[in-house]
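Q: Could you walk me through how to read burial and charge pairing here?

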Amino acid sequence: MVYCGKPSKGCQMCRTRRIKCDETKPTCNQCAKARRQCPGYKDEFDLVLRNENFAAKRRALKLTAPRRKKADLAEPSSASTSSSSSSSSASSTSLSSSSSPPTPTASPPLSTTTASTTSSTHRPLFFTRNHQQQQDDYSQRQQIRLALSPTPIHLPVEDLAPCHFVSNFVLLPRQDGSRGWLEYLIPLMQSMQQTQQQSHQKEMMTMTTTGRGGGGGGGGDMAHLFHAFNACALASWGNRVGGASFPSSGSGTGTALGSVSSGPGVVRGGDMSRVETGIAGGAARMGGDGGILGKAFAEYSRALKATQAALTDPERWRSDGVLAAVLLLGMFENISAKQMGTLAWGSHIEGAIQLVKARGRSQLRTRLGVQLFIAVRTQLIIHTLTTGTAPAMGADWWIQDAVVEPTATECQRLSLKAGELRADVTRVLGSAARTPENIELVQSLMRRAQALDKEVTVWMCSVPEAWRYRTLCWQSHNLAVPGDSSSSSDYSKAEVFPGRVDVYNDFWVAAVWNSARTARLILMSIAVRCAAWVCSPVDYRTTPEYATAARLCVDTIADILASVPYHLGWHTKRRDFFRNEDGTAFACGEEDGMKGLAGYFLTWPLACVMTQDYSTDAQRAYVRGRLHHIGDELGIKYAHIIAQLQVRVPSMLIRSDGLLAKPYPMAHNFEKLLSSRFDSPLTQAYTLKERQLPQQWTMQQEQFQQGDEWAGGQ
């Protein structure tokens, strides 16, 4: 790239007026004084990297312009010379024939035929030269175009996969720190890379002074995080459309952000532990025995081994890198799991929860610690709601001192409360006898569910203006669903379910909204379960609680389905309807189009919609089609597993509560349904030393209940 001087950071108006911009944000003072509308400033990324292809092409064409100009001027002169020569030859021939004496055998006089023949003998030569000049100019322009056009760069998969993963799953926060997904990953890895480089330099100095090696340096301290990142990146790249057939470099195990494999101490090869052997066998069963996916599962095995080694280290298990690696391992399960019973996401999340509890409140003193804490809290909500277990340490423990965005935090608090309530209801309804005291207890649980649903409604009505969504358009059945008639309509192939299409400011806001909606669906199912238990053996569908729940759930399901097109990029095809000027602020890549993170956010709400009793067959067909679309197009393979669920809520939960026979003993635990066939020692990998955890958790919970720790921390 040619250096063109230091780029100006001023606004476009001041650059056009060629005056000094004071760079005041959001509007510069120069435009304000001149009463002009300030167009804003360029992105700092665009200032650092500028596209010089058009400028280079313009300079090259400018250099060849004089040559083309001379060629154009030569064409009329050559044409006039050719015509004059042909006319003079024709006149001289006619004069000579007229002056010669007639003879008996005189040849026929030269006529226009001879003249035309004479001129035609010169015309092909003229056109040949002109055509040759045009061909030369055209070939020269083609050579310039080929020289200036960007040539395809064949990069190894180990370099492409990290960029693909970051551009699809790393969502940067705003300036106020709100929003974000895996935003801690890049600064954490950069800091660990710097630590690795410093350790490598110390090792080289030791080798220089003593002549002996330093034993591997500090590279092993970061192997767990880098291997976990490589596993996610390679799996995401391999699962994309056509990614499995993409050629990969034959050597190497992958790089994290392009510089991991070159560092010292990174785990390479070697004998695999029992955990590695089990996961490698699972990789072969899931089709990851070769190519890019094979490398992904190899990195996953190395990450498990390195993470287990870090967890048994009394110094390293508290680090942010270990917790980030565990979260990435859970994400790898969601990206790569393809068959029912192969999803081990719950084991990794349980390990992350144990780590957060063991790290204590001191982890909230740093920005990275807070971001990791919120990331674990987000996964904990889904784990709690899917397994029917109460959140460890209580909902308030996960909210206290970890508020970055008040609106999103309040939504997560309500979701945690819903998880606690569902665990209490499952425990009571599954074992309590039908006594007056227990009936009163169940009725109080039902009132708690209704009161919590009112809090969710208040949250929805009181969100800030920037959080509100708007309706983009309404899609009719004929435009939304493929098929000639309503009887032959295929909802599984529809991009939009007939009805409303909503748009949001970004994917993160839409995900928080759907989290509140799924919490509301679960609260309504709790209320119906309690009503069914109380009114048994009367049909629970005759109760007012069921009528209220049916009405609210139908509206909530419609709201979730209206957000699906926005998540999957349908709005980018309708620029005449919608224009998002704020962007979604992904770490790199283009903002428009489908993003893997959007599909990742959407799988849990779609799973709740598909399992509801209040969903129609057309809605379930549409949801299954969108889940398969997420799995095929976005590479989130566990969406295929969710599409196979044959669960109905709350009817199956009511049957499992003891009203009838118990044909569905695990109906309340959806995570168990997805991973019941998975047999591996993953949970044991997160077992820390006995002296590190149990006493510390007990002391922390007692301090939290007494309020001493919070009073001292504030």
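A: Gladly! Let's start with exposure: a residue is buried under 20% relative accessible area, exposed over 50%, and partly exposed in between (1.4 Å probe, protein chains only). Asp-424 falls in the partly exposed class, because its relative accessible area is 22%. This is a predicted model, where local features need pLDDT of at least 70, side-chain atom pairs count only at pLDDT 80 or more, and totals for chains, interfaces and linings use all residues. Residues are numbered from 1 along each chain as its sequence is written, and side-chain values use heavy atoms, with hydrogens and water left out.

Q: What does Arg-427 form with Asp-424?

A: Side chains of opposite charge can pair when their charged atoms come close. A salt bridge is a side-chain nitrogen of Lys or Arg within 4 Å of a carboxyl oxygen of Asp or Glu. Arg-427 forms one with Asp-424, with the closest N and O atoms 3.5 Å apart. Arg-427 is exposed, because its relative accessible area is 53%.

Q: Is Asp-453 buried or exposed?

A: Asp-453 counts as buried, because its relative accessibility is 6%. Arg-520 is buried too, at 13%. Their side chains meet in a salt bridge (2.8 Å, N to O). This pair links distant parts of the chain, 67 residues apart: Asp-453 is in helix α16 (residues 436–461) and Arg-520 in helix α18 (residues 507–535). Helices here are DSSP runs (H or I, at least four residues), as are strands (E, at least two), numbered from the N terminus.

Q: How many salt bridges are there in the whole structure?

A: A search finds 16. Glu-410, Arg-413 and Glu-455 are linked in a network of them.
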